Amino acid sequence: MHRRNLTAADGESWGGLGLELPPATEPGLRPRTANGNLIVLSQGPRVVLTGRIDDDRCGVEYSRTDHYRSPITPLRAAEARAIAEACAVAGPGGPSWYARWAHRFAGALHARAAGPLHEGRWVLSPRLAREGMAPAAGGPGGQWRSLLLDGHPDGYIDWFDGSWRVMPLRRMPPPGDPRVKACRKQAREGILAPVLLWWFSGLNCHVVLDGHARLGAAIAENREPAVLVLSRAPSREQTGARTDSALSTYRLTMSLLDGPHPVTDRQGLAGAAGRLLAAQLHSLKADYAPTRAWPLPSGPPAPPRPVP
């Protein structure tokens, strides 16, 4: 696996970790589809989740089992404290806290092969897609309670009123769970590790790969949980085409500013065009791509394809 640190839109700060997996890398956590509306998520031989998309594509009904196991080995308080202290010692010029955890998660995902990684390009980023997230009462805790799809085992995602939500892949531990209590202490100390999410386009939501207790602790403490989101990245060909399009638009804008017609604030408009280009180029590096799915054995033979 090849790793590459990505810069944020400002061109300086850490914006994510790019991953590239070699051909023939097989995922341990594998989505499968059949008949255009059936989704089955398996981890090895065990079924983790089943879902059926409405015929009118308005939502998806799902059911979870109790078979999911995190691909990340348990995180200890001592490790979380060591990473926080190392970042404090390194100062602003050293690796960021998010970057250290991204490398930690990437190594664990690659080593255990129980997660969704497969051949191709991926991104681990602190960017959480918030389209459609309406403000909720009760501060960060209330907001995240409203986002959680924590009814167990069954539920329904209304894509017109519930997209971009967060689904635990196993039952959320109760507030009195010893793991949650330990994580609440870490949250108060400011050392709680990020929650690892995976963008699953077939459900149009994020799923929790690791950190169910950490998420529960942050909600209980009414704190915004730190998150790292794993998602597929666009292919090199897609990125190249979109880069060419963004550059063409920028060049056209600059040519119009340099034309014969008077422009009131040429310098300001040129600066705005440059900032827009920088933001577009950054988003290309950390953009979400559709989740890949494989056909169910009973379905027609076909190569892997994006989940709709």
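Ser 42 stands opposite Val 47 in strand S5. The model is predicted; local features need pLDDT of at least 70, side-chain atom pairs count only at pLDDT 80 or more, and totals for chains, interfaces and linings use all residues. Residues are numbered from 1 along each chain as its sequence is written, and side-chain values use heavy atoms, with hydrogens and water left out. Helices (H or I, at least four residues) and strands (E, at least two) are DSSP runs, numbered from the N terminus.

S5 covers residues 46–53 and runs antiparallel to S4, with six bridges joining the two. Strands pair if DSSP finds at least two bridges between them. Two residues separate S4 and S5 in a hairpin. In its turn, Gly 44 has a positive phi of about 65 degrees.

S4 (residues 38–43) also pairs with S3 (residues 29–34). These strands run antiparallel and are joined by six bridges. Leu 29 stands opposite Gln 43 in S4. The hairpin of S3 and S4 has three residues between the strands. There, Asn 35 takes a positive phi near 60 degrees. S4 is mostly covered, with five of its six residues buried. Buried means under 20% relative accessible area, exposed over 50%, and partly exposed in between (1.4 Å probe, protein chains only).

Helix H2 spans residues 97–112. The expected span is 1.5 Å times one less than the number of residues. The buried residues of H2 are Ala 99, Trp 101, Ala 102, Phe 105, Ala 106, Ala 108 and Leu 109. An α-helix has 3.6 residues a turn, so residues three or four places apart point the same way. Just after H2, Ala 113 takes a positive phi of about 50 degrees.
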